[in-house]
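Have a look first, then read on.

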Amino acid sequence: MTKFVCVTSGKRGVGKTTTSINLAAALHNMGEDVLLVDGDLLNPKVHKQFGNNESSISLYDALEDNSELYKIIHKHKSGLRIIPTNVTLNRAKNLDLDKFKNSLTKLTKQASTIIIDTSSSLEEEAIAVIEASDEVLVVTNPINESMPGTLNIIKKLEEMKKTVLGVVVNQNRKLREQSDHEISLFLETPIISSISFDKNFEKSREQFHPIVHSHPKSKASKDFNNLALKLQ
Ligand SMILES: Nc1ncnc2c1ncn2[C@@H]1O[C@H](COP(=O)(O)OP(=O)(O)OP(=O)(O)O)[C@@H](O)[C@H]1O
Ligand SMILES: [Mg+2]
């Protein structure tokens with residue numbers, strides 16, 4: 001059965017897109033049948049990491065043409081399959097969220113695991129992705145400022161009766177404001193993975209590869225591989 005796993009957060013910029021891309025790439029490297037969907041309908045970034053240009057065919061084109069999403073699956077040179085999203089103001093304004101959710105659901109059978117990036121937390125575009133998903137990863141950073149928003153989204157996910165796979169604590173450095181234990185206690189949710197802060201992300205972006213491909217021995221790559229093992 002196909003598993004829809006979305007990656008969300010209670011705060012912007014904590015590493016949802018980075019996590020979605022590298023988790024999908026790590027699963028692909030392990031031989032999993034995985035599809036990565038850019039479900040950030042407002043500020044999509046997945047295509048940028050893979051070097052696709054802004055005009056290449058994407059999710060909004062399929063929605064506007066009433067065409068099925070599987071028809072616009074792109075294959076990255078690594079073999080990872082991706083549904084990218086490019087947005088313009090008009091497109092975002094005219095988006096039919098029910099149609100979007102229906103299209104997502106129809107991706108069943110395209111892969112065993114579908115990883116979906118989202119925009120931040122409680123925006124209706126993000127909620128639509130969460131509604132269409134079975135399981136959720138919540139990304140946060142180990143800083144005090146990130147905690148209230150993270151708690152809010154976890155409460156919302158509980159209300160929505162979604163399975164929270166756990167919290168991904170991203171951008172870990174030696175000196176951090178909150179330990180995994182403290183975060184887990186505060187959020188009353190287990191930490192599924194901690195991802196190291198890694199300077200190689202910048203270089204991986206320049207190479208249009210996820211860090212698990214461009215720097216497979218880096219700390220963050222090992223952390224993403226460990227996360228992928230837990231999702232297998
Ligand atoms: N573990 C890490 N180490 C170093 N830099 C990181 C790490 N994780 C993410 N970053 C960097 O932080 C920035 C934000 O990451 P990302 O775009 O994945 O966040 P996001 O949650 O998707 O943001 P948004 O809410 O805008 O969609 C990027 O420049 C990314 O390269
Ligand atoms: Mg993002």
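## Around the ligand

Start with ligand 1: α1 (16-29) and β7 (163-172) each give at least two residues to its shell. The biggest share, three residues, is from α1. Helices here are DSSP runs of H or I with at least four residues, strands are runs of E with at least two, and both are numbered from the N terminus.

The shell counts 19 residues, and R12, G15, K16, T17 and T18 are the ones that come nearest. To be near, a residue needs its C-beta atom, placed from the backbone, within 6 Å of the molecule or strand. Sorted by class, five are nonpolar, nine polar and five charged. Nonpolar covers Ala, Val, Leu, Ile, Met, Phe, Trp, Tyr, Cys and Pro; charged covers Asp, Glu, Lys and Arg; the others, Gly among them, are polar.

## About the model

This is a predicted model, where local features need pLDDT of at least 70 and side-chain atom pairs count only at pLDDT 80 or more, while totals for chains, interfaces and linings use all residues. Residues are numbered from 1 along each chain as its sequence is written, with chains lettered from A and ligands numbered from 1 in the order in which they are written.

## The sheet

The protein chain has eleven helices and eight strands. Eight strands make an open, mixed sheet, ordered β3-β4-β2-β5-β1-β6-β7-β8. At the edges sit β3 and β8 (191-196), each pairing on one side only; pairing takes at least two DSSP bridges between two strands.

Strand β3 runs antiparallel to β4 (residues 81-83), and two bridges join them. H74 has I82 in β4 as its bridge partner.

## Two positive phi values

N66, in the loop between α3 (59-64) and β3 (74-75), isn't a glycine, yet its phi is positive, near 50°. N66 counts as exposed because 8 other C-beta atoms lie within 10 Å. The cut-offs, with C-beta atoms placed from the backbone, are 20 or more others within 10 Å for buried, 12 or fewer for exposed, and partly exposed in between.

F208 is another non-glycine with positive phi, about 55°, and it is in the loop between α9 (200-206) and α10 (211-214). F208 has 15 C-beta neighbours inside 10 Å, so it is partly exposed.

## Overall build

Buried residues account for 46% of the 232 in the protein chain. The C-alpha trace spans about 50 × 40 × 35 Å along its principal axes.
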